[in-house]
Amino acid sequence: MTVTDLSYALNTFYLLVSAALVMWMAAGFAMLEAGLVRSKNTTEILVKNILLYAIACLCYLLIGYTLMYGSPDVTDFAPQANFFFQVVFVATAMSIVSGAVAERMKLTSFLLFAVVMTSFIYPIQGSWSWGGGFLANAGFIDFAGSGIVHLAGAAAALAGVLLLGPRKGKYGHSGNIYAIPGANMPLAALGTLILWLGWFGFNGGSQLSIVGQNNSSAVAQIFVNTNTAAAAGALAAFLLVRIIWRKSDLTMILNGALAGLVAITAEPSASSAITASLIGLGAGVLVVVAIIGLDRARIDDPVGAISVHGVCGIYGLLMVSITHAEATLLTQLYGIVVIFAWVFSLSLLAWWLLRVTIGIRISAEHEYSGADIADCGVEAYPEFVYGKTK
């Protein structure tokens, strides 16, 4: 075996393992969302997460990958490894949408939108940067996808939420906001920790090579920075909610960790661990403020996805202008506006077409009884509803 063969094999293996870690994030999103919705909607949210992953894999294989990359000339690792690594990213973007529209969207409409998102909307904007298009030529930097993946998912989610409207009982006529607690906090915490683990593949794998001292050192730094930003985000959210409410709100702490992860994703290789911690601290504070602000604006997001992935995705992209010598604030803003405008406008059109044809919202009766019964016919926790079976 030559040195070139060994390098090719190691890079391919590293990319495949990283992709498998990112695929495991699908379980993280499923558990997080299942924990943060009500028990009567748990099965339906799990069905959505399984099927959106399946749809993303097939649609990106048949259409999306070619739109995004054409026929990429990959020489450092197997082309199949590159495809597998990219397809789990598009599934991640679609997972973001799932939580934001939870508890009141028709399953069929969601799945049809997933086809459009993963076949066309996501790949086209991805081609402008990672595919070597005009954003890349302009100098826009997004190392692992704070904008390309996370902001894109949040923009699609926001368009859906605006047309969908809030859950029944979330907002009162006099401006009151009523909390709708999730059914299973252990599942939500487990989902966050799975996402935290998967993010090492998300960011570390984006180096695309492990061979050589420079690549190995970069991957090690990425792992440290990713972990540090998440830890700082969780701590910042915890401290802020303790100051505001004198309570340790678990959902805010979980979102604080995720906010730190999203923010550092834009450029996890150029920062020191100290800088990464400061970025994470800022994200942890920002996500709490954003969740409160969106709630006051009557934008109902059951899991805080728009704040975590959208607001903190933008924040992370802006921080690149500080941590990366070749990045400028103007170029980063340009990339943010382009990605958001494309994904939001195309998603709004897609959601609107679905609304005027087959509808996007379940009936008030089905919303009351729960999407599990309306769409799936199976409840996640039947013993708590009907009593234990003998």
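Is R246 buried or exposed? R246 counts as exposed, because its relative accessibility is 69%, where exposed means over 50% relative accessible area, buried under 20% and partly exposed in between, with a 1.4 Å probe and protein chains only.

## The model and its annotated domain

This is a predicted model, in which local features need pLDDT of at least 70 and side-chain atom pairs count only at pLDDT 80 or more, while totals for chains, interfaces and linings use all residues. Residues are numbered from 1 along each chain as its sequence is written, and side-chain values use heavy atoms, with hydrogens and water left out.

An unreviewed UniProt entry gives the annotation "domain: Ammonium transporter AmtB-like" to residues 15–381; UniProt positions follow the numbering used here, feature names are shortened, and annotations may be inferred rather than shown by experiment. The span of residues 15–381 is 74% helix and 0% strand, and its end C-alpha atoms lie 38 Å apart. Helices (H or I, at least four residues) and strands (E, at least two) are DSSP runs, numbered from the N terminus.

Helix α10 has 24 residues, 273–296, and at 1.5 Å a residue it should span 34 Å, which agrees with the 35 Å between its end C-alpha atoms; the expected span is 1.5 Å times one less than the number of residues. Among the buried residues of α10 are A276, G280, A283, V287 and L294. The buried residues of α10 pack against α8 (213–245), α9 (250–265) and α11 (305–323). Just after α10, R298 takes a positive phi of about 65°.

## How the helices cross

Two packed helices are described by the angle between their axes and the distance between the axes. The axes of α8 and α10 come within 6 Å and cross at roughly 40°, where axes are lines fitted to C-alpha atoms, for helices over the stretch in contact, and angles run from 0 to 180 degrees between N-to-C directions.

## Two buried residues in helices

T265 is found in helix α9 and counts as buried, at 0% relative accessibility. Leaving aside residues up to four places away in sequence, T265 touches D142, F143, A144, G145, S146, H150, W199, F202 and N203.

S109, which lies in helix α4 (residues 107–127), is likewise buried, with a relative accessible area of 0%. With the neighbours up to four places away in sequence again not counted, S109 touches W351, L354, I358, G359 and I360. S109 and V17 are 92 residues apart in sequence, and their C-alpha atoms are 33 Å apart in space.

## Positive phi in two loops

E103 lies in the loop between α3 (79–100) and α4, and although E103 is not a glycine, its phi is positive, at about 80°. E103 is buried, with a relative accessible area of 2%.

R246, the residue of the opening question, is found in the loop between α8 and α9. The phi of R246 is near 60°, a positive value in a residue other than glycine.

Terms used: Contact means heavy atoms within 4.5 Å.
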